[in-house]
Amino acid sequence: MPSASEVISVETVAQWRADFPILQRTVYDKPLAYLDNAATTQKPQVVLEAEERFYREFNSNVHRGVYYLSERATELYEAARRTAQRFLNAASPEEIVFVRGTTEAINLVAHCMARSRLRPNAEIVLTHMEHHSNIVPWQLAAEQTGARLRVIPITEQGELDLSHLEEFFTERTALLAVVHVSNSLGTINPIEELIRKAHAYDIPVLVDGAQAVAHLPIDVQELGCDFYAFSGHKVYGPTGIGVLYGRRRWLEEFPPYQGGGDMIRQVTFERTLYNEVPYKFEAGTPNIAGAIGLKAALEYIQQLGLERIAAHEHFLLTYATEQLQRIPGLRIIGTAWRKAAIVSFVVEGIHPHDLGTIADREGIAIRVGHHCTQPVMDFFGVPATARASFALYNLPEEVDRLVAAVQKAVELFRA
Ligand code: 7TS
């Protein structure tokens, strides 16, 4: 069994890399160095082929036809659900709801909670490092119901400050919604501990796993979380498909999310009987090709091995952190003890957008901005950061190129 300290050879990474056609392209006549994997990952050949094969050979709608193609399409779509189930180790495929992505998954839970559970003065506990998509849906739900948000603070290292955690859990608390891995800081949060403590007060927990699933093995039964959300496109799969894991008792209890075809059993103008879970939450024609592409992506990374991927990314993160820190005036935002493959930084006297533009001209794609975590930027007193985020196919020489580009910016701006 490979451990996190295992060194993944250059040859192995070169083999992995060859699976991704886009990585062979150039940008401004320079080889593409794609370091914006927290925004979205590139897609391996097996994912491209799975989607194309569906459209070429099996395209038809699911759960409707009695004919050959529709039956095959339904089988493929439901097989994708079982793959997602195994990937998260959910107890049953019925606990897997296909959605557009993490954003929709959280909106679904917020919407259903607003309709079924949230009352005036109920409290939803979030953290200061949430992505906007785990803040705004709760604000909307709070506006609708009179519930309130409470926010667990963070420290200068970009870790959760859990020193007063128990004060957040009261009889009014309806839910804890927490990010597993922060997209702007890279922090891996101790969700095991948070879930355990919240459950001691009978408080359900939603985990935003958007930045976790490509880097850490997830076992929702072991974690015991009530909801776990992720996006296919951040785990080498297609855009427009994602997963909401929900414990069966919650999915049974929740009212439907959207109304339409496929989510019903029987409709009259007087009354509608809803379909069983998870179909109750999948109104309309789903993203069939997307689910099939996601299946291929999840199988792909499982075949490579998440532990090996994590070991390689850990090496890249450590190397990038060391090299960037040598640049005078560079400050890393997010220095948590446990981090995933993300390094956010600012350089004194240089706007992150200028860093991004200079890197771009060297063929290097990094993200600059607030990363949809404005409260995090406010906490650190910066308008934006530059962020490099790594994936299984990144190479140490891409880190070297990024460091050289930042150094070039420093020279330009200090001249
Ligand atoms: N939660 C986290 C922690 C995220 O990082 C993101 C996207 C989302 C939710 C929303 O995911 P979506 O697939 O529904 O859009 N984060 C980023 C990012 O860091 N850069 O671009 C998107």
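How far apart do the C-alpha centres of domain 1 and domain 2 lie? They are 28 Å apart. Before going on, keep in mind that this is a predicted model, where local features need pLDDT of at least 70 and side-chain atom pairs count only at pLDDT 80 or more, while totals for chains, interfaces and linings use all residues. Residues are numbered from 1 along each chain as its sequence is written, and side-chain values use heavy atoms, with hydrogens and water left out.

Let's start with the layout. Domain 1 takes in 4–31 + 305–414, and domain 2 covers 48–302; these bounds come from an automatic or database domain assignment.

Now for the place where the two domains meet. Here 36 residues of domain 1 are in contact with 32 residues of domain 2, contact meaning heavy atoms within 4.5 Å. Together the domains bury about 2700 Å², 60% of it on carbon and sulfur atoms. Buried area here is the accessible area (1.4 Å probe) that two parts lose on being put together, summed over both. In domain 1, look for L306, R338 and F379: they lose the most area to domain 2, together 23% of what that side buries.

What about polar links? The count of salt bridges between the domains is 0, using a side-chain nitrogen of Lys or Arg within 4 Å of a carboxyl oxygen of Asp or Glu as the test. Polar contacts do turn up, in 18 residue pairs across the interface, both residues at pLDDT 80 or more. Such a contact is a pair of N or O atoms within 3.5 Å; within protein, one must be able to donate a hydrogen and the other to accept it, and residues adjacent in sequence count only if both atoms are side-chain atoms.

On the domain 1 side, α11 (306–325), β14 (342–347) and α13 (374–380) each supply at least two of the residues touching domain 2. The biggest giver is α13, with 6 residues. Helices (H or I, at least four residues) and strands (E, at least two) are DSSP runs, numbered from the N terminus.

Next, the ligand. There are 16 residues around it, and T103, D208, S231, R367 and R387 come nearest; the cut-off is a heavy atom within 4 Å. Ligand oxygen atoms sit 2.8 Å from a side-chain N or O atom of N183 and 2.7 Å from one of H233. A ligand nitrogen is 3.0 Å from an N or O atom in the side chain of K234.

Finally, a backbone detail: the V277 to P278 peptide bond is cis, with omega near 0°. P278 lies in the loop between β12 (272–274) and α10 (288–304).
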